[in-house]
Amino acid sequence: MRNHEPRASSSCAACKLLKRRCSPSCIFAPYFRSDEPKKFAKVHKVFGASNVSKILNEVPEEQRDETVNSLAYEAEARLRDPVYGCIGAIALLQRRMVELQVDLAIARARLARYSAGSPPILNDHGSIMIPTLAELPACGHVPSQEFRFV
């Protein structure tokens, strides 16, 4: 376990990056410890220190830790994907979920066919045919359109 230096003798990561003296009332100190300099650097690069300070001052103190974690996550995502950020990751996961729902529906349809005792449907080459979406039983909500950015 690391030894954390007393606050009085150590600047927080924000004040170190901004090259300023860290005061005891520093808004960044509780959330950007000196041993996590990259966390503040990413947040600062995306949002700017002034904006982060304003956000932290507007958020109730009991929610600031979660707010900083959200800012850090969004900054990381935005640096990886400057256009879409977190939304790009969400859209990717939503597309994958639709693909998996279709796969599940196909598997259920095959299972229903096999358990009913009907032989699999073969194509001209002797391979098992995969049912179309219209042939599949309802398996819950499968969106008909891709996720769109507004």
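**Exercise 1.** How many disulfides does a search of the whole structure find?

*Solution.* This is a predicted model, in which local features need pLDDT of at least 70, side-chain atom pairs count only at pLDDT 80 or more, and totals for chains, interfaces and linings use all residues. Residues are numbered from 1 along each chain as its sequence is written, and side-chain values use heavy atoms, with hydrogens and water left out.
1. A disulfide is a pair of cysteine sulfur atoms within 2.5 Å.
2. The search of the whole structure returns zero disulfides.
3. For cysteine 12, the nearest cysteine sulfur belongs to cysteine 15 and is 3.6 Å away.

**Exercise 2.** Determine whether cysteine 12 and cysteine 86 are buried or exposed.

*Solution.*
1. Buried means under 20% relative accessible area, exposed over 50%, and partly exposed in between (1.4 Å probe, protein chains only).
2. Cysteine 12 has a relative accessible area of 3%, so this residue is buried.
3. Cysteine 86, at 13%, is therefore also buried.

**Exercise 3.** Describe the surroundings of arginine 64.

*Solution.*
1. Arginine 64 belongs to helix α4, residues 64–80 (a helix is a DSSP run of H or I with at least four residues, numbered from the N terminus).
2. Although buried, arginine 64 has no salt bridge (a side-chain nitrogen of Lys or Arg within 4 Å of a carboxyl oxygen of Asp or Glu).
3. Glutamate 61, the nearest side chain of opposite charge, is 4.6 Å away (Lys and Arg count as positive, Asp and Glu as negative; His and the chain ends are not counted).
4. Leaving aside residues up to four places away in sequence, arginine 64 touches Ile27, Tyr31, Leu56, Asn57 and Val59 (contact means heavy atoms within 4.5 Å).

Key
Helix = DSSP H or I, 4+ residues; strand = E, 2+ residues; numbered from the N terminus.
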